[in-house]
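Please keep the structure in view while going through the numbered points.

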Amino acid sequence: MVTGPVHQPSHVLSAPDPYPAGLPGEPRPAGLAGDVHALARAVAVATSEPRWREDVLLRLRPVEQRFAEHVRVTEGPAGLYRELLAHSPRLHHGVRLLTREHAGIVAALRAVRRLAEHCDVSPDEVRHRAGYLLRTLARHRRRGADLLWQAYQTDLGGET
């Protein structure tokens, strides 16, 4: 059992994360989920911190990039949504809903960026919009997971 602090190896050259999640050495979410988690931590920091806006913008960029990749992977010609509809055409409404949500999420990402870039906008307004974005992303992720479960749940398990 480790009783003292866990130290990173000295050969690691990356800068430490100013918003650590959990205990040292604890796994962090990867991909878009990890980026969203990092953004949520940056937004939660006291707005009186000198670089609060810069940190929010810094954490927003990977969310924007990964979400754009998510849209390409799901909506593209050989994307996940086409595969879902080929396997389960009954899910057309759910796929259409998720596709429409993409446009709303992109607009919310742009709104947070626009507000955070302007110093005359109150931090509370930035935090409010960022909170809306984070809740929308969480809801979208749940709906996507539910849709996948609906598509493939009958294929799991054996015959009885």
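1. α5 gives the most to the lining of the largest pocket, with nine residues. The elements that give two or more residues to this lining are α1 (31-44), α2 (52-75), α3 (80-87) and α5 (123-152). Helices here are DSSP runs of H or I with at least four residues, numbered from the N terminus.

2. The model is predicted: local features need pLDDT of at least 70, side-chain atom pairs count only at pLDDT 80 or more, and totals for chains, interfaces and linings use all residues. Residues are numbered from 1 along each chain as its sequence is written, and side-chain values use heavy atoms, with hydrogens and water left out.

3. The largest pocket holds about 500 Å³ of space. A pocket is an open set of points on a 1 Å grid over the protein atoms alone, where a 1.4 Å probe fits and protein lies on both sides within 12 Å along at least five of seven lines; lining residues have an atom within 4 Å of a point. The volume is the space filled by probe spheres set on the points, which are joined across faces, edges and corners.

4. Of the 25 residues lining the largest pocket, Leu32, His70, Leu137, His140 and Arg141 are the closest to its centre. By class, the lining has 17 nonpolar, six polar and two charged residues. Ala, Val, Leu, Ile, Met, Phe, Trp, Tyr, Cys and Pro count as nonpolar, Asp, Glu, Lys and Arg as charged, and the others, Gly among them, as polar.

5. How do α1 and α5 pack? Their axes are 11 Å apart, at an angle of about 155 degrees. Axes are lines fitted to C-alpha atoms, for helices over the stretch in contact, and angles run from 0 to 180 degrees between N-to-C directions. α1 and α5 are therefore roughly antiparallel (angles over 145 degrees; under 35 is roughly parallel, 65 to 115 roughly perpendicular, and the rest oblique).

6. Ala33, Val36, Leu39, Ala40, Val43 and Ala44 of α1 meet Arg127, Ala130, Leu133, Leu134, Leu137 and Arg141 of α5, where contact means heavy atoms within 4.5 Å. This contact of α1 with α5 has 10 nonpolar, no polar and two charged residues.

7. The axes of α2 and α5 come within 13 Å and cross at roughly 25 degrees, which makes α2 roughly parallel to α5. Among the residues in contact are Phe67 and His70 of α2, and Leu137 and His140 of α5. The classes here are eight nonpolar, two polar and two charged.

8. α2 also packs with helix α4 (residues 92-117), at an angle of about 160 degrees and with the axes 10 Å apart. α2 is therefore roughly antiparallel to α4. The contact includes Phe67 and His70 of α2, and Ile105 and Leu109 of α4. Its residues divide into 11 nonpolar, four polar and six charged.
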